[in-house]
Amino acid sequence: MMREVQRVLKVGGYYFAVSYGLPENRLIHFERAHLSMEIEVIKLEGKSDKPGSDHFVYVLKKKEDADEKCIRNWDEVEKQLLEEEERERALAAELGCHSGDDEDEEDEELESAPEGREIGSKNYSDDK
């Protein structure tokens, strides 16, 4: 997904991701070898003291060398991603967990989402 995000952004364009995910679990997705983004993490304190109530805003800005870096490194990154996916499937099978391959379930979840609850992204780069 981040390959495509980087592709459609203009140099200097921004991508915002909001997540409950801690930076130590999320930054790997924004720092892979095919990406070239400035990254800022903003912590939004949750309203409760419960663990996991904080949100994190990941602000990414596309750098000048991003397109060249993606072309140069994508094949290796794709190989790593496929290997990671295979390890996750093997572990899920070993533990008897769902592998996440059932696209129909995902479609049903999207179709049943309450109206007005869509999540999207927008390129906020200048048109200069």
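Ala, Val, Leu, Ile, Met, Phe, Trp, Tyr, Cys and Pro count here as nonpolar, Asp, Glu, Lys and Arg as charged, and the others, Gly among them, as polar. The structure is a predicted model, in which local features need pLDDT of at least 70 and side-chain atom pairs count only at pLDDT 80 or more, while totals for chains, interfaces and linings use all residues. Residues are numbered from 1 along each chain as its sequence is written, and side-chain values use heavy atoms, with hydrogens and water left out.

**Overall architecture**

The protein contains four helices and three strands, arranged along the sequence as α-β-α-β-β-α-α. Helices (H or I, at least four residues) and strands (E, at least two) are DSSP runs, numbered from the N terminus. Of the 128 residues, 24% are buried, where buried means under 20% relative accessible area, exposed over 50%, and partly exposed in between (1.4 Å probe, protein chains only). The protein exposes about 10,100 Å², of which carbon and sulfur atoms supply 48%; accessible areas come from the Shrake-Rupley method with a 1.4 Å probe, and for residues only the protein chains shown count as cover. Among contacts between residues at least 6 apart in sequence, 70% join residues at least 24 apart, a contact being heavy atoms within 4.5 Å.

**The largest pocket**

The largest pocket holds about 350 Å³ of space. Its lining comprises 14 residues, and Met1, Met2, Arg3, His29 and Phe30 are the closest to its centre. A pocket is an open set of points on a 1 Å grid over the protein atoms alone, where a 1.4 Å probe fits, with protein on both sides within 12 Å along at least five of seven lines; lining residues have an atom within 4 Å of a point. Grid points are joined across faces, edges and corners, and the volume is the space filled by probe spheres set on the points. At least two lining residues come from each of α1 (2–8), β1 (14–19), α2 (23–30) and α3 (66–95). By class, the lining divides into eight nonpolar, three polar and three charged residues.

**Aromatic pairs**

Rings of Phe, Tyr and Trp (its six-membered ring) pair if their centres lie within 6.5 Å; planes under 30 degrees apart count as stacked, over 60 as edge-to-face and the rest as tilted.

| Pair | Centre to centre | Angle between planes | Class |
|---|---|---|---|
| Phe30 and Tyr58 | 5.4 Å | 45° | tilted |
| Phe56 and Tyr58 | 6.5 Å | 35° | tilted |

Phenylalanine 30 in helix α2 and tyrosine 58 in strand β3 (residues 55–62) are 28 residues apart, and their pair links distant parts of the chain. Both phenylalanine 30 and tyrosine 58 are buried, and phenylalanine 56 is buried too. Ring pairs join Phe30, Phe56 and Tyr58 into a cluster.

**Individual residues**

Glutamine 6 belongs to helix α1 and, at 1% relative accessibility, counts as buried. Apart from neighbours within four places in sequence, glutamine 6 is in contact with His34, Leu35, Ser36, Met37, Lys62, Ala66, Asp67 and Cys70.

Arginine 32 lies in the loop between α2 and β2 (37–44). Arginine 32 is likewise buried, at 11% relative accessibility, and beyond its neighbours within four places in sequence it contacts Val77, Gln80, Leu81 and Glu84.

Glycine 12 occupies the loop between α1 and β1 and is partly exposed, with a relative accessible area of 22%. Its C-alpha atom is separated by 6.2 Å from that of lysine 63, 51 residues apart along the chain.
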